[in-house]
Amino acid sequence: MHTPENVNKEIYRLALPNIVSNFSIPLLGAVDTALMGRLESEHYLGAVGIGGVIFSFIYWGFGFLRMATTGLTAQAFGENDTPECGRLLLRAIGIGITSSLLLFIFQWQLADISFLLIDTSPEIEHLARAYYHIRIYAAPATLCLHALHGVFLGLQNAHYPMLLTIVVNLVNIVLNLVFVRGLGMKVEGVALATVIAQYVGLFLAVLLFFVRYRSIMAGWNIREVLLLSKLKRFLSISGDIFIRTCCLVFSHAVFTAKSAALSDTYLAINTILLQYIYILSFAIDGLAFAAESLIGRYKGAHDLQSLKRTTRLIFLWSFLFAGMIMLIFVFFGEQLLYVFTNQRSLVERAEVYLIWVIVAPVINVAAYIWDGIFLGATASRALRNSVIVSTLLYLSAVYLLIPFGNHGLWCALTLLLVARGVSLTVLAPKYLFR
């Protein structure tokens, strides 16, 4: 049994490294946006925004390689079954490598479908295609890193993911500056920097794993890795998470596509304002990742009281943290716009819509934290159903509110997060606490 003081210490130990590492992720997006926002045309900024949406579909779609691995590894850790932790890593890496090969084979068809669905100008599409066909070659490194991050978090180690994320993003930022500022490259330089940084991260992750966790790989054999009951459970949970993630990425893709349909200027404005949402989500996800690790561990140990206590305390810290972020957006939101672009006309147009990112922290936090709790408990079916219903409501809201222009678009996105938070709150007693 864990006292509130002990649980708070565990939350702090796991959340702080995750928050630090997650803050470096939107920093990378901010640098990409700032570099493209200072070129001679807004088309470069739009192209990176569109390219980012496509890879959100691809890589976030395979986010189950981290999420399912974290929850299942944490539960195995709670049951003191460390050999199963190693087998889970091998299952996830096997799926990641196989998926990467399929992405390479079908990359042209995937690009054609993506640009068919996203309505944008020919100039932006041309630049976004150049970005896409370079960045696709990061797939093996990115998907294997998902698996390794999941195992580290499941083993209650948040420091290795922090180190990996910081190193990858620092390498990416330095290479961005070298390729774009130093060598005069444009979207191609941003894409190439990402590819190189991902492989640097994979090399470091493998090195760290074998330095500390080599023992959990001892004695494994292919039969145990491919044991049908274990593989079926992994694939079932992964399938639910895949559907959940695709719905979320599709929702953001609709947002970006509708922004582009309004005009190239609105696409640029919303690409900038989404950086605020990414900063928020990655910050709160630091606590959500801690929830995944701890909830999975307590579920594996069959410690229902600690599971409930952790849920309450995670929410308490999350709302406090979200309130701090909201205050930062209130007092510094306008100044932050100049970080992303030096085009005054874009800043003046974007200021009109800042209210939506100011209210986002306290509105979005419930959805983000419940995600982590449900993932740690591997309550994937409930998570999937909640997101499907929320996405359908969001699409209806987009259809009804798009006549109101960009404000209508942001209102629909806000309703998506409200629906996710409310539905998961309703489902929690049944799927988590019984």
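**Figure 1. Packing of helices α13 and α15 in the predicted model.** Helix α13 (residues 304–340) packs against helix α15 (residues 354–376) at an angle of about 155°. An angle over 145 degrees counts as roughly antiparallel, and α13 and α15 are therefore roughly antiparallel to each other. Their axes lie 9 Å apart. The crossing in which α13 passes α15 is right-handed. By class, the residues of this contact comprise 20 nonpolar, three polar and one charged.

**Figure 2. Packing of helices α3 and α7.** Helix α3 spans residues 64–78, and helix α7 spans residues 139–154. The axes of α3 and α7 are 7 Å apart, and the packing angle is about 25°. Because angles under 35 degrees count as roughly parallel, α3 is described as roughly parallel to α7. The crossing of α3 past α7 is right-handed. On the α3 side, the contact consists of Leu65, Arg66, Thr69, Thr70, Thr73, Ala74 and Phe77. These meet Leu143, His146, Ala147, His149, Gly150, Val151, Leu153 and Gly154 of α7. Seven of the contact residues are nonpolar, seven are polar and one is charged.

**Figure 3. Contact between helices α7 and α8.** Helix α8 covers residues 159–182. The axes of α7 and α8 come within 8 Å, with a crossing angle of roughly 150°. From α7, the contact involves His149, Phe152 and Leu153. From α8, it involves Tyr160, Pro161, Leu164 and Thr165. This set contains five nonpolar and two polar residues, and no charged ones. In α7, His149 and Leu153 take part both in this contact and in the contact with α3.

**Figure 4. The largest pocket and its lining.** The volume of the largest pocket is about 370 Å³. Its lining is made up of 18 residues. Nearest the centre of this pocket are Phe57, Ile113, Ser114, Leu117 and Phe250. Two or more lining residues come from each of α2, α5 (107–117) and α11. Helix α11 contributes the most, with seven residues. The lining divides by class into 16 nonpolar residues, one polar and one charged.

**Figure 5. The second largest pocket and its lining.** This pocket has a volume of about 320 Å³. Among its 18 lining residues, Lys299, Ala377, Tyr431, Leu432 and Arg434 are the closest to its centre. Five elements, namely α11, α12 (264–300), α13 (304–340), α16 (380–401) and α17 (406–432), each give two or more residues to the lining. Nine of the lining residues are nonpolar, four are polar and five are charged.

Figure 6. The model contains two cavities of 30 Å³ or more.

Technical notes: Residues are numbered from 1 along each chain as its sequence is written. This is a predicted model: local features need pLDDT of at least 70, side-chain atom pairs count only at pLDDT 80 or more; totals for chains, interfaces and linings use all residues. Side-chain values use heavy atoms; hydrogens and water are left out. Axes are lines fitted to C-alpha atoms, for helices over the stretch in contact, and angles run from 0 to 180 degrees between N-to-C directions. Helices (H or I, at least four residues) and strands (E, at least two) are DSSP runs, numbered from the N terminus. Contact means heavy atoms within 4.5 Å. Ala, Val, Leu, Ile, Met, Phe, Trp, Tyr, Cys and Pro count as nonpolar, Asp, Glu, Lys and Arg as charged, and the others, Gly among them, as polar. On a 1 Å grid over the protein atoms alone, a cavity is a set of points where a 1.4 Å probe fits but cannot get out, and a pocket is an open set with protein on both sides within 12 Å along at least five of seven lines; lining residues have an atom within 4 Å of a point. Grid points are joined across faces, edges and corners, and a volume is the space filled by probe spheres set on the points. Angles under 35 degrees count as roughly parallel, over 145 as roughly antiparallel, 65 to 115 as roughly perpendicular and the rest as oblique. A crossing is left-handed if the near helix is turned anticlockwise from the far one by less than a right angle, and right-handed if clockwise.
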